[in-house]
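Open the model in your viewer and get ready to click along. We will go from stop to stop, selecting a few residues at a time.

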2 protein chains.
Amino acid sequence: MLFDTLAIVGVGLLGGSVGLAAKARGLSRHVVGIGRTPANLNRAKELGILDSFTTNLAEGVSSADIIVVCSPVDLIAAHVLEAAKAAKPGALLTDVGSTKGNIVRDVEAKLPPGVDFVGAHPLAGSEKQGAEFARVDLFDGRMCVLTPTANTKPAAKERATLFWQTIGSQVRTLSPEEHDLALATTSHLPHYIAALLARQLPEAWRPFAATGFRDTTRIAAGDPHLWTAIASENTLAISHALDVFAGQLETLREAVLNQNTAELGRLLTEAKRVRDALGS
Amino acid sequence: MLFDTLAIVGVGLLGGSVGLAAKARGLSRHVVGIGRTPANLNRAKELGILDSFTTNLAEGVSSADIIVVCSPVDLIAAHVLEAAKAAKPGALLTDVGSTKGNIVRDVEAKLPPGVDFVGAHPLAGSEKQGAEFARVDLFDGRMCVLTPTANTKPAAKERATLFWQTIGSQVRTLSPEEHDLALATTSHLPHYIAALLARQLPEAWRPFAATGFRDTTRIAAGDPHLWTAIASENTLAISHALDVFAGQLETLREAVLNQNTAELGRLLTEAKRVRDALGS
């Protein structure tokens with residue numbers, strides 16, 4: 001067992017999938033879940049995600065060797081710090097937040113001695129929410145970005161890497177700032193753009209929304225609270241990505257309006273080249 | 001046999017799927033394909049799509065009871081008129097064009113007497129191109145929009161409805177102008193927006209483009225020539241849809257930059273409501 005006891009703070013889709021994968025891979029002997037709602041935690045236990053649960057964070061994490069904080073992104077730093085205070089010496093803390101700069105800065109400013117924190121963002125998830133949708137293979141082959149800093153002990157980084165790899169992830173490392181800049185374009189921007197597309201569809205035209213519209217707007221079904229919080233946590237990088245997009249949109253509008261087929265063909269060919277390179 | 005001989009002008013993904021579905025449903029005894037490239041047509045014959053083929057349009061359509069024009073959208077009107085001149089009396093012509101206003105107007109202005117044309121747009125397809133990707137079930141359960149006008153004979157509309165229904169489509173009727181307005185938002189806008197998103201991804205950040213980015217940009221792999229032609233055929237409606245989108249984008253940018261979580265939450269909640277209503 002790499003980590004005898006695993007504590008999961010926030011047992012939703014991501015937290016639940018961490019629990020399932022950890023048990024399936026023999027990573028931990030005991031998985032304890034911490035949340036607000038006993039009924040939800042009990043359901044997660046029935047689903048085989050947890051061995052035990054509590055609504056008391058300090059109590060839940062006290063015997064854990066690794067603590068994974070899967071709370072809403074705007075609560076992660078506070079929950080990591082709360083857990084760190086109650087954790088036993090040598091415990092490792094990590095998280096699943098979609099933004100990293102604010103979280104890592106807030107945590108490192110107040111992290112008590114004797115425990116370690118390595119920020120993480122597994123690029124896995126879904127527009128679905130809740131432990132009911134947890135999957136043992138959610139992280140299989142998916143990237144998990146770790147965001148250690150100059151303050152991170154090499155041994156802590158190694159243990160965090162081993163944890164995320166063991167539950168299926170391919171680990172890459174970025175600084176928290178690089179992470180937030182890259183993800184603003186690769187994850188946050190598409191979400192807001194998909195939402196605007198969905199919002200522009202009048203009810204009368206819904207029957208004419210086929211596969212293309214559905215694929216392009218699928219992520220707009222995501223949790224509005226999550227994506228509002230992400231915008232607050234990564235405001236500058238997202239604003240910049242939106243500015244770049246607005247500039248592109250203006251170029252495209254002019255090409256369409258002026259029937260500038262050479263320019264429009266150039267834009268669409270560049271886009272196809274990028275998309276083809278990504279694969280299916 | 002509803003239509004003893006079916007002629008398909010342009011045997012790619014859509015034309016090939018028309019052929020496969022027509023044969024599978026016993027719609028026609030003989031399917032003839034017309035195209036530019038004998039090798040491609042021969043391959044379509046090997047795939048069971050065609051019974052015979054020719055590169056001579058007039059010759060190919062001369063014995064057909066129904067002629068389906070699946071050429072690139074900017075060539076459809078010309079090919080329909082060329083086919084109409086060579087068609088036998090009573091023949092029905094239809095098409096698969098993604099825009100309808102220009103095509104229907106150009107065709108109706110010059111359609112010879114004795115044959116009928118009913119514009120059609122099956123909302124089926126893929127970012128893939130070519131008869132190799134043709135599927136017998138491509139139209140199953142998918143909507144096909146027919147765009148008859150005051151000049152369309154009721155009997156021709158009925159026969160076109162029967163044709164598209166028999167190969168699997170659910171038929172709905174709009175005027176060509178209504179079609180172009182609705183599809184500018186439900187189909188054309190998402191394509192251009194997806195292309196801009198794809199184009200904004202730098203090569204260094206490709207590893208961080210996960211499922212959300214991939215879903216949202218999938219259609220950006222479509223044929224640049226097709227989507228350049230669509231923009232030329234439906235310029236005003238697409239420009240209008242882009243204007244509305246640009247206005248939405250500005251509202252969103254301000255909400256993000258000002259950390260106006262109430263406004264951002266409102267936008268995202270509206271978007272989620274629309275997307276949830278569409279289903280998966």
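Start by giving chain A and chain B their own colours: the area buried between the two is about 7900 Å², and carbon and sulfur atoms give 67% of it. Keep in mind that this is a predicted model. Now select R199(A), Q200(A) and F208(A). These residues supply 10% of the area that chain A buries against chain B, more than any other three residues.

**Stop 1: the whole interface**

Select the residues of each chain that touch the other.

**Stop 2: two helices side by side**

Next, show α7(A) together with helix α7 (residues 176–199) of chain B. Their axes come within 11 Å and cross at roughly 170°. Because of that angle, α7(A) is roughly antiparallel to α7(B). To see what makes the contact, display the side chains of L189(A), P190(A), I193(A) and L197(A) on α7(A), then L189(B), P190(B), I193(B) and L197(B) on α7(B). How many of the residues in this contact are nonpolar, polar or charged? The contact of α7(A) with α7(B) has eight nonpolar residues, no polar and no charged.

**Stop 3: salt bridges**

Over all chains, the structure holds 34 salt bridges. Six salt bridges are counted between chain A and chain B. For one of these, select R253(A) and D243(B): their closest N and O atoms are 2.4 Å apart. Then move to D215(A) and R218(B), whose side chains meet in a salt bridge at 3.8 Å, N to O. This pair crosses between chains, with D215(A) in helix α8 of chain A and R218(B) in the loop between α8 (211–217) and α9 (224–233) of chain B.

**Stop 4: a lysine reaching across**

Click on K272(B), which is found in helix α11 (residues 261–278) of chain B. What does K272(B) touch, apart from residues up to four places away in sequence? The list is A220(A), A221(A), G222(A) and P224(A). Look at A221(A) here: its backbone oxygen lies 2.7 Å from a polar atom of the side chain of K272(B).

**Stop 5: a leucine in chain B**

Finally, select L14(B) in helix α1 (residues 13–24) of chain B. Leaving aside neighbours within four places in sequence, L14(B) is in contact with V96(B), A124(B), G125(B), L138(B) and F139(B). As a last exercise, draw a line from L14(B) to A262(B): these residues are 248 residues apart in sequence and 45 Å apart in space, C-alpha to C-alpha.

Technical notes:
Residues are numbered from 1 along each chain as its sequence is written. Chains are lettered from A and ligands numbered from 1 in the order in which they are written. This is a predicted model: local features need pLDDT of at least 70, side-chain atom pairs count only at pLDDT 80 or more; totals for chains, interfaces and linings use all residues. Side-chain values use heavy atoms; hydrogens and water are left out. Buried area is the accessible area (1.4 Å probe) that two parts lose on being put together, summed over both. A salt bridge is a side-chain nitrogen of Lys or Arg within 4 Å of a carboxyl oxygen of Asp or Glu. Axes are lines fitted to C-alpha atoms, for helices over the stretch in contact, and angles run from 0 to 180 degrees between N-to-C directions. Helices (H or I, at least four residues) and strands (E, at least two) are DSSP runs, numbered from the N terminus. Angles under 35 degrees count as roughly parallel, over 145 as roughly antiparallel, 65 to 115 as roughly perpendicular and the rest as oblique. Contact means heavy atoms within 4.5 Å. Ala, Val, Leu, Ile, Met, Phe, Trp, Tyr, Cys and Pro count as nonpolar, Asp, Glu, Lys and Arg as charged, and the others, Gly among them, as polar. A polar contact is a pair of N or O atoms within 3.5 Å; within protein, one must be able to donate a hydrogen and the other to accept it, and residues adjacent in sequence count only if both atoms are side-chain atoms.
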